[in-house]
Amino acid sequence: MAIRRYPSIFDILEDVWRGFPLTRKEIPEADWFQEPFEEMIERFEEEAVPPEFKDFVKEEETPSGVIRRYGPFVYGFSYTAEPGREPIFREFGNIKPSYKGIEPSIGREPFVDVMDEKDKYKIFVELPGVEKQNVKLDVTEDSVEIKTEDDKKFYKMLYLDSAVDVDNAKASYKNGIMTLELEKKGKRKGKEVKID
Amino acid sequence: MEDTVVSPNVCVFSDESLETLNIQIEIPGVEKKDIELQFYDDGFYLVAKKEGTKYMGSYALVWPVQPNKAIAKYADGLLTVNVPYRKPLEGGTKVKID
């Protein structure tokens, strides 16, 4: 088989996150995808498997000893660029590459639409297949954490530009779409005092 | 305004015994009554409408199924269809001998 040369997806993402322009690394095909996994598996064979990776390692007893199986690992990303809008990077899979190496991902990233209105945020989150009671929302003044405790795992952390009123947050869920309304904290409400 | 046509996220897989084909289609926001699913023995076709968006797609299968035995459920934006595969020699037509 001819050896093709590709930069690794991990290299590309790392470069993007670090803010460097894309550098095309010339790595033989045999290395570019396997290397991060091989490194990780080597690490696991030396040390104990960290608890967050437990789901990826299966041990099987055979007459010749214990066999370890790793995986399946799933990772992918999509990139959408529309004229006049910021490009969107979305990741999916059960692992995510980071500057530390491979980390398990908590859930798939759901599709989120944030509408920044004058006095409130309207946030739409697509969580198909998740039952209402399994959607966990954690709203703070400047962030929203969306997590599902269903068979279908979704996870998303959203950061908001302006502070919101946590106590007046309203959420509804219908047909797999969650709508969240957050009122922005207005300017200090005061009363003009007349000076006698 | 015309609806935006979108291809839904579709996951098609066999069960472990390789007897049933499982299909999961993500169409968040669509009401049950607005889903139109046509099944054939070698593929299926879906149209699901919601405000401003139309999910559409046609999909081919690798092995024929028995569409009359398909069971479809819809809950929380996820359409699940379970349909048994056709057995190798099933569905033949009896030929009348003159």
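**Entry 1: ground rules.** I worked on a predicted model, where local features need pLDDT of at least 70, side-chain atom pairs count only at pLDDT 80 or more, and totals for chains, interfaces and linings use all residues. Residues are numbered from 1 along each chain as its sequence is written, while chains are lettered from A and ligands numbered from 1 in the order in which they are written.

**Entry 2: chain inventory.** I looked up the secondary structure, taking helices (H or I, at least four residues) and strands (E, at least two) as DSSP runs numbered from the N terminus. Chain A has three helices and 15 strands. Chain B has eight strands and zero helices. I then checked burial: a residue is buried if 20 or more other C-beta atoms, placed from the backbone, lie within 10 Å of its own, exposed if 12 or fewer, and partly exposed in between. In chain A, 13% of the 196 residues count as buried. In chain B, 21% of the 98 residues do.

**Entry 3: contacts.** I counted two residues as in contact if their C-beta atoms, placed from the backbone, lie within 7 Å. For chain A, 38% of the contacts between residues at least 6 apart in sequence join residues at least 24 apart. For chain B, residues 24 or more positions apart make up 46% of the contacts with a separation of 6 or more.

**Entry 4: sheets of chain B.** I took two strands as paired if DSSP finds at least two bridges between them. One open sheet has four strands in the order β2-β3-β8-β7, with antiparallel pairing. Its edges are β2 (9-14) and β7 (71-75), each with a single partner strand, so one side of each has no neighbour in the sheet. Inside this sheet I followed β3(B) and β8(B), which pair in the antiparallel sense over seven bridges. Ile23(B) has Val81(B) in β8(B) as its bridge partner.

The other open sheet I noted runs β1-β6-β5-β4, with mixed pairing. Here β1 (4-6) and β4 (35-40) are the edge strands, pairing on one side only. Three bridges join β1(B) to β6(B) (residues 53-60) in parallel. One of them links Thr4(B) to Thr53(B).

**Entry 5: cores.** Which residues touch the most other members of the largest nonpolar core? I found Ile25(B), Ile27(B), Leu46(B), Ala48(B), Tyr55(B), Leu79(B) and Val83(B), out of 16 residues. A nonpolar core is a set of buried Ala, Val, Leu, Ile, Met, Phe, Trp, Tyr and Cys residues joined through C-beta atoms within 7 Å. β3 (20-26), β5 (43-50) and β8 (78-84) of chain B each give two or more residues to this core. β8(B) supplies the largest share, four residues. Beyond its neighbours within four places in sequence, Ile25(B) is in contact with Pro8(B), Val10(B), Leu46(B) and Leu79(B). Apart from that core lies another of 14 residues, including Ile123(A) and Leu180(A).

**Entry 6: a hairpin in chain A.** β9(A) and β10(A) form a hairpin with three residues between them. They pair in the antiparallel sense over six bridges. Phe111(A) has Glu126(A) as its bridge partner. Why does β9(A) lie largely in the open? Of its six residues (111-116), the number buried is zero, so the strand is largely in the open.
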